[in-house]
Amino acid sequence: MSEETITVSVWRGDGETGRYVDYEVPRMESQTVLDVVTYIQRRIDNTLSYRYACRVGMCGSCAMTVNGKPRWTCRTHVSKVAPDGKLEVAPLRSMNVVKDLSVEMTEFFDKWARAEGKFHPTKTRHDDFDPVKPSERKRKVASAGIECIGCGVCYSGCDVVAWKPNYLGPAALNRAWTLVNDTRDGGQKARLAAVAGDAGCHACHSQQGCVENCPKHLNPTASIAGLKRATAWAALKGDLE
Amino acid sequence: MNAPNDMPDEFSARGPRPATETRLWLAQRLSAMVLGVCVIVHLITIVIAVQGGLSAAEITQRVGGNPAWTAFYAVFVIAISVHAPIGLRAVLAEMTKLPARRVDLLCFIAAALLFVLGMRVVTKFHALGGGL
């Protein structure tokens with residue numbers, strides 16, 4: 001059987017050390033990078049560890065570094081990223097490796113909590129619905145950032161995260177910005193204090209690695225710029241003390 | 001990557017002083033706006049000044065003792081003394097392992113040097129009057 005194959009270098013390691021191992025995988029039509037990794041795990045070496053769930057770009061669990069760039073592998077076609085038939089698959093940058101392609105995402109999601117990325121309700125179940133019109137400016141700003149699937153691609157693509165480990169990162173700050181624009185939220189003061197400063201929005205250099213790599217085509221840099229403006233006003237009013 | 005998992009409390013990641021950090025950021029932006037104007041004026045002046053060759057006498061004649069130029073360059077020096085050390089602070093914090101207090105001290109010294117040396121030039125030129 002002389003079918004066309006693709007050479008795939010996959011990072012194999014235990015978190016401490018590791019190396020790239022080459023595999024030959026049959027080339028198929030409309031093949032995604034996740035298909036390739038799954039083929040290796042099912043047909044060649046079942047000790048390969050990786051993470052995925054939905055396979056349709058909703059859950060945000062299959063992100064890996066593909067030929068040097070962070071990508072959602074389930075929606076990344078091999079033909080798009082490996083025109084010369086060579087593929088290198090590694091774990092996401094700036095996250096600790098659990099094993100092979102699986103990374104530890106605890107720190108990534110803890111930063112969402114540290115950025116006050118949760119909703120602070122102001123009403124109870126006994127109150128009436130709070131009308132938020134789709135045409136409202138704040139609703140539109142929130143909508144622009146709300147489709148984040150939490151895949152970690154922007155975080156991994158961000159140089160500031162790589163340089164400054166306590167930086168909250170584009171995903172957490174984007175989440176905070178959507179909540180800053182939620183008119184029902186009652187935790188704005190604490191949120192702005194949480195995202196201000198050098199571990200927060202002011203560390204961003206607007207290099208837009210997050211924008212470049214976000215598979216959902218969101219613009220976390222614009223969200224962070226919004227936080228910079230909001231925190232600047234809050235600082236002038238003395239609300240950040 | 002190297003993020004410690006034993007953070008003492010939830011405040012450790014946000015930087016200790018959100019208000020101070022934000023004010024520094026704001027000061028850097030505002031001084032950048034001033035610098036934008038100053039640099040353009042400065043560059044245009046250079047281009048005009050070198051037309052007939054560059055001489056100390058010619059520069060002194062224009063700038064020396066002129067209150068408007070003295071005020072302009074004083075504002076320029078102040079804006080630089082505010083702007084540059086804040087940027088330097090971010091670079092040192094990101095690219096070196098120096099403790100935060102050391103970085104702050106170094107940047108404060110840089111600010112003081114820029115201000116003192118810059119103002120020294122401005123005041124000396126002013127004292128020279130309109131000729132060497």
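User: What does Leu227(A) touch, leaving out residues up to four places away in sequence?
Analyst: Leu227(A) touches Leu173(A), Ala176(A), Trp177(A), Val180(A), Val195(A) and Cys201(A), once residues up to four places away are left out. Contact here says that two C-beta atoms, placed from the backbone, lie within 7 Å. Bear in mind that this is a predicted model, where local features need pLDDT of at least 70, side-chain atom pairs count only at pLDDT 80 or more, and totals for chains, interfaces and linings use all residues. Residues are numbered from 1 along each chain as its sequence is written, while chains are lettered from A and ligands numbered from 1 in the order in which they are written.

User: Cys201(A) is on that list. Where is the place of Cys201(A)?
Analyst: Cys201(A) sits in the loop between helix 8 and helix 9 (209–213) of chain A. Helices (H or I, at least four residues) and strands (E, at least two) are DSSP runs, numbered from the N terminus.

User: Is Cys201(A) buried or exposed?
Analyst: Cys201(A) is buried, because 30 other C-beta atoms are within 10 Å. The cut-offs: buried takes 20 or more other C-beta atoms within 10 Å of the residue's own, exposed is 12 or fewer, and partly exposed is in between, with C-beta atoms placed from the backbone.

User: And which residues does Cys201(A) touch?
Analyst: Not counting residues up to four places away in sequence, Cys201(A) touches Leu173(A), Val195(A), Ala196(A), Ile224(A), Leu227(A), Lys228(A) and Thr231(A).

User: What about the largest nonpolar core: how many residues?
Analyst: The largest nonpolar core has 66 residues, and Val89(A), Leu173(A), Ala176(A), Val195(A) and Leu227(A) have the most contacts inside it. Such a core is a set of buried Ala, Val, Leu, Ile, Met, Phe, Trp, Tyr and Cys residues joined through C-beta atoms within 7 Å. Helix 7 of chain A gives the largest share of this core, seven residues. Both domain 1 (5–103) and domain 2 (106–237) of chain A give residues to this core, so it lies between them. Those domain bounds come from an automatic or database domain assignment.

User: How many Å separate the centres of the two domains?
Analyst: Taken over C-alpha atoms, the centres of domain 1 and domain 2 of chain A are separated by 29 Å. The contact takes 15 residues from domain 1 of chain A and 13 residues from domain 2 of chain A. On the domain 1 side, strand 3 (63–66) and strand 4 (69–72) of chain A are the elements that give two or more residues. Strand 4 of chain A gives the most to that side, with four residues.

User: Switching to the sheet: what order do its strands have?
Analyst: The open sheet of five strands in chain A has the order 2-1-5-3-4, with mixed pairing. Strand 2 (18–26) and strand 4 of chain A are at the edges with a single partner strand each, so one side of each has no neighbour in the sheet. Pairing here takes at least two DSSP bridges between two strands.

User: How do strands 3 and 4 of chain A pair?
Analyst: Strand 3 and strand 4 of chain A are antiparallel, over four bridges. The two form a hairpin with two residues between them, and Asn67(A) in the turn has a positive phi of about 45 degrees. Val66(A) stands opposite Lys69(A) in strand 4 of chain A. In strand 5 of chain A, Val66(A) has Val89(A) as its bridge partner, while Thr65(A) has Ala90(A).

User: Last topic, chain B. How many helices, and how many residues in contact with chain A?
Analyst: Chain B has four helices and zero strands. There, 17 residues of chain B are in contact with 25 residues of chain A. Helix 10 of chain A supplies the largest share of the chain A side, four residues. Within chain B, buried residues make up 17% of the 132 residues.
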